[in-house]
Amino acid sequence: SGSTDCICYSTVGISDPVTSALHIIVGDCQPLDVSSVHHNNTFLKYSVSLLGYGFYGDILKDSEKKRWMGPMRYDYSGFKTFLSHHYYEGTIAYQPAKHTVGSPRDKDSCRTGVFHCYSSEILEQGAQRSVEFTLAHPQNLKGKEEWKVIKGKFLAINAVNMSCACPRSPKGLSPAAHLADGSADLILVRKCSRFDFLRYLVRHTNQDDQFDFPFVDVYRVKSFQFTSKLSEDNESNVMDIGKKRFGQFCRDHPACCCNIVNSTWNCDGETLDSSAIEVRVHCQLMKLFARGIEENCKDEAAYSQSSTEQLL
């Protein structure tokens, strides 16, 4: 399921083919949320794990040119992208997922048998129609549905439907993300120093809270829209054709001294060049042969001890 096997790690807990084969034989079923990506009301792609703009999009775009390097291309492109330290200006409008339980800052990860990951389909049916209507008519952003708008300069914009855990990041991009609650965790990393961004990246490799930074915001959403600054300018000024061509020149020639105006979306490891997109989360749209990640012995022992203390 990709170079990092994040889908396997997030739904099974290990990338072992024998374990996956046993799940298929036994018939274990795990529902999974899926995000659909649109541009101007036209469907583009589906996303089940990571939808990233900025840092992760730049890594993917650069690594595609170096497939001859094998898996090492991600390390090389990641280091190169980190040194370039590009930020991108734009506007994000999102709709909070009020129907879900908990928040991305919770310490509890998604585990086998989580109730709201198996009952969210009923809760989502009533809200799905209003979401699709609002996204099809952006002028209704201030209507009945509550939308929030954020403008700024971002190093990375990530939306995940699961924790996206992998061997290099045991907790993932969003440790408390749920697999089937009808929501996605939207992570915004604002413009900051290169050192602070490095601290943020290092947090993904340990047990510390990677959201505990003043330049990092995380929201649990059921839909969101993103428009880059260049797209906004082009919509308001017809004379920006030259600027658009100049921006394309900067993308093709990174050595240019000007800042790159647009990034590329990383959609589950596939490039997506549309800078202005609309994303909708579809609750439990697909099912996998999986059981979810079971509680480990330490967690069960801690739970038993706390229950005993309460009884005493």
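Reply: A cavity, in the sense used here, is a set of grid points where a 1.4 Å probe fits but cannot get out, and its lining residues have an atom within 4 Å of such a point. In this predicted model, Ser35, Ser47, Ser49, Leu51, Ala159, Asn161, Ala184 and Val279 line the second largest cavity. That cavity holds about 30 Å³ of space. Its lining divides into four nonpolar residues, four polar residues and no charged ones.

Valine 160 has a relative accessible area of 0%, and because buried means under 20%, it counts as buried. Leaving aside residues up to four places away in sequence, valine 160 touches Ser49, Leu50, Leu173, Ser174, Ala184 and Asp185. Of these contacts, Ser49 and Ala184 are also named in the lining of the second largest cavity. The C-alpha atom of valine 160 is separated by 9.7 Å from that of arginine 220, although the two residues are 60 apart along the chain.

The structure holds two cavities of 30 Å³ or more. The largest cavity has a volume of about 60 Å³. Gly54, Phe55, Asp58, Thr81, Phe82, His85, His86, Leu155 and Phe197 form its lining. The elements that supply two or more residues to this lining are α3 and α4. By class, the lining of the largest cavity comprises four nonpolar residues, four polar residues and one charged residue.

The buried residues are Phe55, Tyr56, Gly57, Asp58, Ile59, Leu60, Asp62 and Ser63.

The largest pocket has a volume of about 1300 Å³. It is lined by 36 residues, and Thr4, Tyr56, Tyr74, Cys166 and Arg168 lie nearest its centre. Two or more lining residues come from each of α1 (6–11), α3 (55–63), α4 (72–84) and α6 (194–202). The greatest contribution is that of α4, with seven residues. The pocket lining has 18 nonpolar, eleven polar and seven charged residues.

Cysteine 192 counts as buried because its relative accessibility is 14%. Cysteine 267 is also buried, with a relative accessibility of 2%. The count of disulfides in the structure comes to zero.

These parts belong to a protein chain with nine helices and ten strands. Of its 312 residues, 48% count as buried. Among contacts in the chain with a separation of 6 or more, 80% are between residues 24 or more positions apart. The protein chain exposes about 16400 Å², and carbon and sulfur atoms supply 57% of that area.

How values were computed:
Residues numbered from 1 in each chain as written. Predicted model: local features only at pLDDT ≥ 70, side-chain atom pairs only at ≥ 80, totals over all residues. Heavy atoms only, no water. Helix = DSSP H or I, 4+ residues; strand = E, 2+ residues; numbered from the N terminus. Buried < 20%, exposed > 50% of the residue type's maximum accessible area, 1.4 Å probe, protein only. Contact = heavy atoms within 4.5 Å. Areas by Shrake-Rupley, 256 points an atom, 1.4 Å probe, with all protein chains shown as cover. 1 Å grid on protein atoms, 1.4 Å probe; cavity = no way out; pocket = protein on both sides within 12 Å on 5 of 7 lines; lining within 4 Å. Points joined across faces, edges and corners; volume = space filled by probe spheres on them. Nonpolar A, V, L, I, M, F, W, Y, C, P; charged D, E, K, R; others polar. Disulfide = S-S within 2.5 Å.
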